[in-house]
Every structure is written in C-alpha cells, then in structure tokens.
Number of protein chains: 2
Amino acid sequence: MTKLRVHSFGMSLDGYSAGTDQSLENPLGVRGPEIMDWFFPTRVFCQMHGAGDGETGRDNAMAERGFEGIGAWILGRNMFGPIRGPWPDENWKGWWGEEPPYHVPAFVLTHYPRPPLVMAGGTTFHFVTDGIQSALAQARAAAGDRDVRLGGGVATVREYLREGLIDELHLAVRPVLLGAGESLFQGLDMRALGYEAVDHVAGERAMHVFIRRKQD
Amino acid sequence: MTKLRVHSFGMSLDGYSAGTDQSLENPLGVRGPEIMDWFFPTRVFCQMHGAGDGETGRDNAMAERGFEGIGAWILGRNMFGPIRGPWPDENWKGWWGEEPPYHVPAFVLTHYPRPPLVMAGGTTFHFVTDGIQSALAQARAAAGDRDVRLGGGVATVREYLREGLIDELHLAVRPVLLGAGESLFQGLDMRALGYEAVDHVAGERAMHVFIRRKQD
C-alpha cells in the first residue's frame, strides 16, 4: 500500500503550526512565517520560487525528501486560498501563480464544488466535497504506485491524524515562540493514535523529527 | 539584579514536561522519563547519582550550564515529593536521599508549614507557605550575588512565567511523543508575556533552546 505523508511541517516551541488570522497578506497567519523560516533559505524553496540558489545543508536535504516519490497532493481549503464559503467566481487559482509547485494532481478539500483547474507545469487542482476519506481515495488512485503528500493546513492534518490515516509525518520544530496560533497536537493523544517518533536530525534552523504510525 | 533561571527543562514534541499520575514509583509521571532521557546519560547526571562517568557531549555541556552561578533553588511541592496535603510526619526528606544534589538553600513551595530540613552536602530545605513572590525574595536573599534556579515542576514554572518572573528558561525539546501529561505552554501566550527564543543548540538527544524575557 502506498503511503500518506506529511513533510516539512513547521511547528513552534509552543506548539503552533500556523499563526492566527490567515489572510491574503498573511497566508501562514500572523507571525506564521517564523515557523517556516528554516525552509525559506533552502535550495528547494529558492529554486521553486525563482529566488536564487539557496542553501544546501541539512535543512535542504530534509526538505528534498518531501518531493521524492510523490504522485498526488491533498490540500485543505485554507492551504489553497483565503476565500471562505462559496467560490464567488473562478478567478482564485491558489497562492502560487500560473505554475504551482506541485506538478501532479492536487486534491483540495472544500464544501463547495468547482470544476477541475488545469495549471501550467502539470498541476491540476481537483475540488473534493465529500470528505477526507474520499480525497485520500482519489489521490491514491491518481498517484498510482507513488505516495500521496498531505500539504496542510493544520486543521486538515489534525483531521487525518485523528483518523490514523497519516503514515509518516516529518515535523520541523523551530526554536521560536509564536504566542498564539493553530496548535498542531493540542487535544490529540498521539500515542493513543499509534504514532511514535522514530528519528531526528538537527538542521541548521530546525530540529527535524520523523513520526510514523505503528503498523496495526 | 540577579536572575531567576530555569535549566534543563525537558519537553516532548507534543508539549508535555511531565507525564500523568506522578507517584513514588513515577516521580516524573507516567512516561515522564522519556522527556529527560537526554539528561540521564550525561556526566552531570551520572556523577550526581554515582552512576559512572557519563557522556561529555553537547547535552552534557548544556546540563552543566544549569549549575553555574546558582546560589539557591526554588522547588514546587511535587518536585520535593509525592505527598499531597498536610505533612503526615517529617520522615519524607525529598526524592534524593541523604545528600541532595543542590548543595545550597532550596525553598520548597507548600501550603503546609514545616521546620527547615538540613541535609548532608550543604542543602537545606526551607518550606515557604506564603507564595511564589515570597519564595523568590527569600531565595534571592539566600543566593546573594548568585542567581536562583527554579527546578520545577511544570505547574510551578507556569506560575512564575505567568508573572513574568523567570529571566531565562533553557528548554530541552525531546523528539518523543508523550500523548498525555502536563503541558508547559498551553494557555500561556509567551510572546505577550515578553519572552523570546534567543539561541538554540542541537544536542545528541534534544534540541536545547534558550528563552529570555525582554527587559522592560
């Protein structure tokens, strides 16, 4: 069976994986970028966004792992955009411009149907209105013998964790205090859900921890 | 002004600094030792407990810092023992045997008075019944020009944080999931309280983060 994987998921010392008040100006919420400030300097990120060479240290090596063997993505609604409620029109095409960094089918969880959106570079956004299990089934089918990557956001990762559907979670713990935001683990008993930390790597700007679900 | 410092305070990925159900058998709560399993192999810990030489890497260097320039300790009641309510007698003398590892005056927060307890090796336990501010004032007076170290436990550290009384907090983030326990930061807005992470060091078994309170 192929895997559902989460990669490069940032978390502050006080347990937040996003700031408060996501908006067009603050896609990661207020102060959210501090959580991802290990990723922005990497070669993976810089090349993705045409921002020069970037660094090639351990943080970059950890980020690279997240793109290996991925055949489809799942994204929560907020990860696709700041719009809430029904789509006002079809103008919003994600945070990433004409060529999003996925290059494979990406399944967006939403309560509001919308036709598939074909973007440059191989990404097609499919809008899934019948829940997380359906999105996973569709993404698995699209990915074939490759794995599915769950991009986020926090609420979506928590939903999949609660159902025990995530096989691997790569967490990047950042040495920052956010003060407020969306908590990743609060109220989730990760041990009872079958998860354990199996490896850790000290990056330049984060501690990378690899969490797996024990096989039943 | 001398400082109030917390050192070598362990925290799991899911934010717990102690397990549930502290008892005589589980001084750190159920699975609590996993949080401190970076400290146990160090030379600092091993020599303290007559358990051989111990390791001398980065984790040990971080642990050593916690004993430099300390003139008094403050301990929460649970850190002194598992007894709740009034002292049944004076037989309980702490978790550590005849010679506790403090070697300076140690002020124990409790609601129940008890005469000072002089132990071997320089530690005297003083029992403080009039609150955290009083304990700090007494510890500062005893420490002279040296700093005061707050040992714990979690509830006590949270009380002092909430009042902005801790100047430095050395957190050791362990790559483990506890699932349940006493959360260190939940419900505390550390940014609003004036704290920021100023440095981090990758140890062998934990990420060490140094948190300071900005000067008003």
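**Entry 1**

I looked up B:Glu34 to begin with and found it partly exposed, at a relative accessible area of 26%; here buried means under 20% relative accessible area, exposed over 50%, and partly exposed in between, with a 1.4 Å probe and protein chains only. This is a predicted model, in which local features need pLDDT of at least 70 and side-chain atom pairs count only at pLDDT 80 or more, while totals for chains, interfaces and linings use all residues. Side-chain values use heavy atoms, with hydrogens and water left out, residues are numbered from 1 along each chain as its sequence is written, and chains are lettered from A and ligands numbered from 1 in the order in which they are written.

Which residue does B:Glu34 meet in a salt bridge? The partner is A:Arg191, at 3.0 Å from N to O, where a salt bridge is a side-chain nitrogen of Lys or Arg within 4 Å of a carboxyl oxygen of Asp or Glu. I noted that B:Glu34 sits in the loop between strand E2 (16-18) and helix H1 (43-48) of chain B, and A:Arg191 in the loop between strand E9 (182-183) and strand E10 (195-202) of chain A, so the pair joins two chains. A:Arg191 is also partly exposed, at 24% relative accessibility. Helices (H or I, at least four residues) and strands (E, at least two) are DSSP runs, numbered from the N terminus.

**Entry 2: where the two chains touch**

I then turned to the contact between the chains, which takes 29 residues from chain B and 29 residues from chain A, contact meaning heavy atoms within 4.5 Å. Together the two chains bury about 2200 Å², 67% of it on carbon and sulfur atoms; buried area is the accessible area (1.4 Å probe) that two parts lose on being put together, summed over both. On the side of chain B, the residues that lose the most area to chain A are B:Leu13, B:Leu177 and B:Arg191, which together make up 31% of what that side buries.

I counted 2 salt bridges between chain B and chain A, and 4 residue pairs in polar contact, both residues at pLDDT 80 or more. A polar contact is a pair of N or O atoms within 3.5 Å; within protein, one must be able to donate a hydrogen and the other to accept it, and residues adjacent in sequence count only if both atoms are side-chain atoms. Strand E8 (168-173), strand E10 (195-202) and strand E11 (207-213) of chain B each supply at least two residues of the side that touches chain A, and the largest share, 5 residues, comes from E10(B).

**Entry 3: salt bridges inside a chain**

Over all chains the structure holds 12 salt bridges. One of them links B:Arg43 and B:Glu64, with the closest N and O atoms 3.0 Å apart. B:Arg43 lies in helix H1 of chain B and B:Glu64 in helix H2 (residues 58-65) of chain B, so the pair ties together parts that are 21 residues apart in sequence. Another runs from B:Glu168 to B:Arg212, at 3.7 Å between the closest N and O atoms. Since B:Glu168 belongs to strand E8 and B:Arg212 to strand E11 of chain B, this pair ties together parts 44 residues apart in sequence. Is B:Glu168 buried or exposed? I found B:Glu168 buried, at 18%, whereas B:Arg212 is partly exposed, at 40%.

**Entry 4: the backbone**

I looked next at the peptide bond from A:Gly152 to A:Gly153, which is cis with omega near -5°, and placed A:Gly153 in the loop between strand E7 (147-152) and helix H5 (154-162) of chain A. In chain B, a cis peptide bond joins B:Gly152 and B:Gly153, with omega about -5°. Helix H5 (residues 154-162) of chain B has several buried residues, among them B:Val154 and B:Tyr160, and H5(B) is followed by B:Gly164, whose phi is positive, near 65°.

A:Ser8 has a positive phi of about 55° although it is not a glycine; its place is in strand E1 (residues 4-11) of chain A, and at 6% relative accessibility A:Ser8 counts as buried.
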